[in-house]
Amino acid sequence: MMVGYVAYLVVALVVIMFLAAAVRILREYQRGVVFTLGRFTGVKGPGLIILVPFVQQMVKVDLRVVVQDVPPQDVISRDNVSVKVNAVLYFRIVDAERAIIQVEDYMAATNQLAQTTLRSVLGKHELDEMLAERDKLNSDIQEILDQRTDAWGIKVSNVEIKHVDLNESMIRAIAKQAEAERLRRAKVINADGEQQAAAKLVEAGRMLAAEPQAMQLRYFEALHDIAGERSSTVVFPLPVDLLSQFMKGAGGAK
């Protein structure tokens, strides 16, 4: 009787061990790459998966978007400025078979490729472009990475440059450049204002010259403004032509 119980217990343990080794449950975002005697036999999941113990093995693959931080890279720009740049990489697996079979460690491979691509792309641009055209640089890096990782079954959805770190001397130089640019714009705006004012004065002079009465009206308006300021000084403008006639008369009298 005791031997029978032991036999049943052994059978039950074997069945439990078999089920534990054979039954796999994959979540909705997981896939299983199955190998039979070392050969690829398919991708299964999600849900309940039955494997043959000791004959089949399965490697789980997560299909969710992976967010990976690209470490700071020393980059020398096209105008020979040394900067440190880091970025964030967003990618996901679209083909579990290639991600497991074609590359040993797709996470490390993608990260290393992102570092080299970041240095290569940014090294072709000047510092001003790195600071002002990040969207274009992000798009260029993402496109290159997506093409190179396609053979691994990986889709790079986005790349974002986080920081462009400059040394103190370069920061001071950029501040001086910005200050000089502001001064230049201020001088240009001032010169444009003087030019526009001169053009308006020329136009007003032509209008006053065409109507002599207009000059007299302007004279009366100036007197009115002077009277309103409670000043004892009254200015009488004299035409230059009249003064020239007096000068000629004085010269003839001599």
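Helices, of at least four residues, and strands, of at least two, are DSSP runs numbered from the N terminus. The close-up views below show parts of a predicted model.

View 1. Val 23, found in strand β1, is partly exposed because its relative accessible area of 31% falls between the limits of 20% for buried and 50% for exposed residues.

**View 2. Strands β2 and β3 form a hairpin.** Strand β2, which covers residues 30-36, pairs in the antiparallel sense with strand β3, residues 39-44, and five bridges join the two. Within this pairing, Gly 32 has Lys 44 of β3 as its bridge partner. Two residues lie between the strands, and Leu 37, in the turn, has a positive phi of about 50°.

**View 3. An open sheet of three strands has the order β6-β7-β8, with antiparallel pairing.** The edge strands, each pairing on one side only, are β6 (66-76) and β8 (154-165). With direction ignored, neighbouring strands of this sheet are turned by 25° against each other on average. Strand β7, residues 82-93, runs antiparallel to β8 and is joined to it by 10 bridges, and Val 85 stands opposite Val 164 in β8.

**View 4. Helices α3 and α5 are shown with the three-stranded sheet.** Helix α3, made of residues 106-122, lies across β6, β7 and β8 and runs at about 35° to β6. Helix α5, residues 134-149, packs on the sheet and touches β7 and β8, while its direction makes about 140° with that of β8.

View 5. Thr 110 counts as buried because its relative accessible area is 1%, under the limit of 20%.

Conventions: Residues are numbered from 1 along each chain as its sequence is written. This is a predicted model: local features need pLDDT of at least 70, side-chain atom pairs count only at pLDDT 80 or more; totals for chains, interfaces and linings use all residues. Side-chain values use heavy atoms; hydrogens and water are left out. Two strands pair if DSSP finds at least two bridges between them. Buried means under 20% relative accessible area, exposed over 50%, partly exposed in between (1.4 Å probe, protein chains only). Axes are lines fitted to C-alpha atoms, for helices over the stretch in contact, and angles run from 0 to 180 degrees between N-to-C directions. Contact means heavy atoms within 4.5 Å.
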